[in-house]
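Subject: Structure for your files

Hello,

Here is the structure I said I would pass on. My notes follow below it.

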Amino acid sequence: MLQKPRYIDLNKCTACGECAEVCPVELDNEYDVGLSNRKAAFKLYAQAIPGAYAIQKTDRAPCSLACPAGLNVQGYVQMVGQGKYEDALKIIMEDLPLPGVLGRICPHGCEDACRRCEVDNPVAIRDLKRLAADQFDPRKIKIECLPPREEKVAIVGSGPAGLSAAYHLARKGILSTIFEALPEAGGMLRVGIPDHRLPREILDREIEIITNLGVEIKVNTPLGPQLTVDDLFKEGHKAVYLAVGAHRGIELGIPGEGAGGVRQGVDFLKELNLSGKTPVGKKVGIIGGGNVAIDVSRSAVRLGAEEVSIIYRRSRAEMPAWEDEIQAAEAEGVKITYLAAPQEVLTQDGKVVGIRCIRMKLGETDSSGRRRPIPIPGSEYDIEIDQLVPAIGQRPDLSAIEDVEGLAFSRWGTADVDPVTYATNREAVFAGGDLQTGPWVAIGAIAAGREAAESIARFLDGRDMAEGREPVTPENPVYRPIPEDNAGKAREKMPELPLKDRKGNFKEVELGYDEDTGKEEAHRCLNCGYCCECFQCVEACIAEAVIHNQKPVEREIEVGSAILCLGTHVFDPAPYEDLYHHESYPNVLTSMEFERFLSATGPTSGHLVRPSDKKEPKRIAWIQCVGSRDTAHCSNDYCSSVCCMYAIKEALIAKEHTGGDFTGTIFNMDIRSHGKGFERYYERAKSEGIRFIRSRVHSITEADDNGTLKIGYVEESGEIYEEEFDIVVLSVGMEPDPSAVELSRKLGVDLNKNNFVNTDDFSPVMTSRPGIYVAGVLQGTKDIPQSVTEASAAACASSVSLAQSRGESTKEKVFPEEKDISGEEPRVGVFVCNCGNNIGGFADVPGIAEYAKTLPNVVNVDENLFTCSQDTQEKIVEVIKEHKLNRIVVAACTPTTHEALFRETLRNAGLNENLFEMANIRNQCTWVHSHNKEEATEKAKDLVRMAVAKSSFLEPISDLMVDIEKSGLIIGGGVAGMTAALSLADQGFPATIVERSDTLGGAARDIKKTWRGNDVHEYLSGLIDRIEQHPIVEVLLNADVTGSSGFVGNFETDILTGGKTRTIKHGVCIIATGANASSPDEYLYGKNPRVTRWHDLEQEPNRIKDARTVVFILCVGSRDDKRPYCSRVCCTSSIGQAVNFKEQNPEINVFILYRDIRTYGEKEALYQEARDMGIIFVRYTIDKKPIVTESDEGLDIRVFDPVLQRELLIKADLLNLATAIEPTGHEDIAGYFKIPIDDDKFFIEAHAKLRPVDFANDGLFVCGMAHYPKPIDESIVQAMAAASKAAIILSQPCIKVSPLVSQVDTEKCIGCGLCAEVCNFVAIIMEEIEGKGFRAKNVPASCKGCGLCASSCPQGAIDMLHFRDRQLLAAVSAVR
Amino acid sequence: MEKFEPKILAFLCNWCAYAAADLAGVSRFQYPSNVKPLRVMCSARVDPLYIIKALKAGWDGILVSG
């Protein structure tokens, strides 16, 4: 497994959110489906578990990778965007000591790499760097330096390489002296760049940054005979860094070059920059196409030359000078001649008077990647000039170092060094910058200087200079996708000095951005790497939880099995934009987006508005089956199973939000409300005015400029309608998540054609690979209850396979012996938490602590930065011992998350854990009163006072342990019951099945095949065999439960079998009493032999062979007033039978009369197959039911066909009815175990979604059709889930139950029994006491601690431990 | 006359209302500070007598939420 870094220490993060507050990187909030923004430091949603933040970070942004010095470009651009110039400079100056200089003259390779180029133009990175240095004086940035060391280093050359080396050495505590040949420091930055591009005071200012660190610069001190490298060592320098640059101009090599008036470009600029002036001609010719040529030309214009022309031998496209510079030169009047080269300097009296040129043409591409210029013979021409400036390149002047021992040079006259360490062949001598590279960019020299500094430091330490420094470039970097809505925000223009003001001076031409423009420009950054590593979060996090250098961790975990719950991916309508217009129309939303609009934590805090004009919508349409049941647009032939219900839910909630005149309209093919309680919900929606229109939507268009939408649709009758809506919601379906599919494949798990994991109907959580199980939508589309159930089933399958090794890896914690505090006066210790800034920032914590000291019984008060931190726990233990504290109050966050931690601390201190109380002064105080410190402080004091008052009355409470009878009773011997029994027994827990009838098998005995065609009889006989042969499964047939008592772990149930009552002790009970098909009193059932129900007909193949026409009627007795629920299985079962009939007898006509077809999930394919086979589906409504009459030939069935809009008469031979599934009468069992049943007589689980197989009463579980009608695969899943939950109890040595239970004072009790009556959990029983009648008795194992009995008792005879009357009233009375 | 600010005591069920009040905090919803929560394991624990006693003790209003 590869664990990706979170960049936040989970153990330290307090989820305060300060990191997100300061994070500059705004990203789409996935949780709000992109409808709101979040930061790169984020918590996905308020209730997220773990409740800690995370930082999203991928590879370093391309700008940073393109920078020779690897500057954190994204970081400082973001800081500039926030106006945090000082922080921007801090980031820049990590690598680069000259921000204002490079902010002007850097050729910005970063901008070429900027991914914004893919949108429009790159971010003006260089200009933003300059803005930072313009807005904040970089000299004021505090540079962290290690303590100074003894060793001194000599640096030769004060150009960017030398300055950078000196800067980075100084930060490592190594001071250096720079020896500079020229009279001023700066190297090429000083003498190569004219002031109109780089004002000298900027350079001066930034050199000061380096000298301020203690670096000495000796000017006019060239290397040479009077100062050699050896001399430098003799003077005591421990290392020498050579960075003499490349200052020597390359000659043209043509006749006449020695004439007067011929001046090398670098020499021209050097004199100009050092003295402020240099001789300039009237007609100046410049040879070359680089920046030096341009600089000379623009300088010559400023110095008063009348005609300045540049002659370049290639074309404009090949010109190495920057485009901006070329344009500026042209604007200032410089003439550029392309495709011409000088051949001879024309002289007169030893002075230049002209130049002979030859025209060139471009030939093949040469080694530089540019096309080689070739002279055109006979094209020579002369031009008149009086000054010639060759500017065709420079190389290092090696005169002072070429003889240094151990130095080697390349054939281009540059120094040979190790490419990583910059070490020369001579020990302690390093070289870099232009001396090594030849003329190159300043930022390259800066990088070289930094690397040399690292090498020198390592050299002085005697460490390996190369280790870990090989450059690493990510191979396939992962970057944030370019957001679509960011396009078209053009690059901000750099303001410039007007042309007319440039003559005769060297005033800077580029004037720099103002703040607002700079921020706008910075906001164009795409944040390619997500987190920009500005480290603002590091500073903001008081808990010190941010770890930016966290690395991915590869883990190998030894496991016995694995469960895949990799989730779902919501269908993306983007590829079908022509139909859905989701991208282009603002008011077309997906259901996921709409869901967020309804949520209190959503982008509009739950206020429903239409996106185009923020007005409250009154007409909302839902379009069902977007990406489901759709092979025309996508290949999803399955039903997503959940969309109908969520659409109904959304419509009802939207109605609640908007009030009276709201219309919700759901355009659908069928409404699939096949889950428990769903049909009633559907009916309720209809009664509340939600419209359900059975139709196909053919178009969505915009009806007006406000974004109102028009839906065109066709109803069943073929009539076409148009209707306007404010919002159209696309009820998008589910698909397996692509990453889940990929992982499943990697694990060798088979997938089906829809990419769901392949499972079998009889082992629905087993994948094709033994030991790997699956749960949730990856197995097939399903809703939450089924997903949760399936997860428990997968856990069960895994537990069965690992039963033998259960408990092998568990460890038990040992606590010190508990101190007896009886008879002691309360000694309360209060710990007030600052929670970093979360409490301390919004309330006066010292004030609260002072106040706590004044409260009764308080003997010690401490304040902590983080009361929950590990070291504070140790401190609390010490304080408890030191001050002999016997009650502890922590005023901090919420007991929901932290009570358990502090209770453990009490145990570590030898105190009973119940001598503890929390005052919630964060979640319920400072966080909700953060705008008023005084009020928050006062309320915190109140809460502390109430907690202290209560705590004085707290008492130790012993743990409650209950022994467990390690066996299970299963009521019902159908598929669910048998599966549950086997699942327990296979884990080693004996199981007893109680079956009312004389055989095992239940309702499954009637079923031939599952919908996938698997043989049910074969499966069933195998299952019964296993049950009968299992050594620890007992089956009691013809047996009835007649009574039960006890509680979790200790039930005693009476079974009447063979005329005798037997009492069985068991720890858990699983109820699987099943359901049956009902017998109808309509459609001639029972009156005409041609009318059958359910599986009766398929048992008689001969009748089918002879029949010409068979009709199925669905929903017989389901979904009506008497049984307002859907029987869930009938559609699929009937269609499956119909398909079989058609296969057996292709001539047969099959009609299916239905109300809605509910072939949910992949069963939809069966429906499609049936239609393809010619099975005719006719929809009827409950108010126009089919009419069945007898005729001479058979049956006449009349039904109104809504498509044809007329009544059909079907002459049928056979009629099969899908009658309602109703629960087996089991009210008696509900009574014995005091478990609830619903209006339809199905058992009610504890929570439909969260506890789908549990009852509220511990130790009791439900599965199979006793819960609700369901197909075999779902029954099996539920049975395994029930066994899984039951095994949690049975696998423990004994049950530790919460001791915070009711306590009956039998002296006060008068035996009225009210408490027992009101208790929902059978936790109070009435016990007969001799001579006194009945008295209430608490059953701790069943008690949930709610206290209903206590508040109901007219005698005040019942009290609740830890929430005693006197404890609560003490808090109540502590009012101020 | 000074504006009357009632002192309100809120009995909050541990499982729902108290958790909701915590979530309001996580979401930084702001509300008046004159309501003081007191956690009970179920709103059913709130004996009607508590309400009388609370009013007698000096609270101006009682909220039972669960």
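Predicted model: local features only at pLDDT ≥ 70, side-chain atom pairs only at ≥ 80, totals over all residues.

Helix 16 of chain A covers residues 442-461. With 20 residues at 1.5 Å a residue, helix 16 should span 28 Å, and its end C-alpha atoms are 29 Å apart, so the two values agree. Helix 16 of chain A is also mostly covered, with 16 of its 20 residues buried.

Next, the contact between the chains. Chain A contributes 36 residues to it and chain B contributes 31 residues. On the side of chain A that touches chain B, two or more residues come from each of helix 28 (922-926), helix 29 (933-951), helix 38 (1348-1352) and helix 39 (1365-1373) of chain A. Helix 29 of chain A gives the largest share of that side, 6 residues. By type, the residues on the side of chain A that touches chain B are 17 nonpolar, 15 polar and 4 charged.

Last, a sheet in chain A. It is open, has 3 strands in the order 41-42-43, and its pairing is antiparallel. Strand 41 (1039-1047) and strand 43 (1060-1066) of chain A are the edge strands, each pairing on one side only. From one strand to the next, the twist averages 20 degrees. Strand 41 of chain A is joined to strand 42 (residues 1050-1057) of chain A by 8 bridges, and the two run antiparallel.

Regards

Key: Residues numbered from 1 in each chain as written. Chains lettered and ligands numbered in written order. Contact = placed C-beta atoms within 7 Å. Helix = DSSP H or I, 4+ residues; strand = E, 2+ residues; numbered from the N terminus. Nonpolar A, V, L, I, M, F, W, Y, C, P; charged D, E, K, R; others polar. Expected span 1.5 Å × (residues − 1). Buried ≥ 20, exposed ≤ 12 C-beta atoms within 10 Å, placed from the backbone. Pairing = 2+ DSSP bridges. Axes fitted to C-alpha atoms, helices over the stretch in contact; angles between N-to-C directions.
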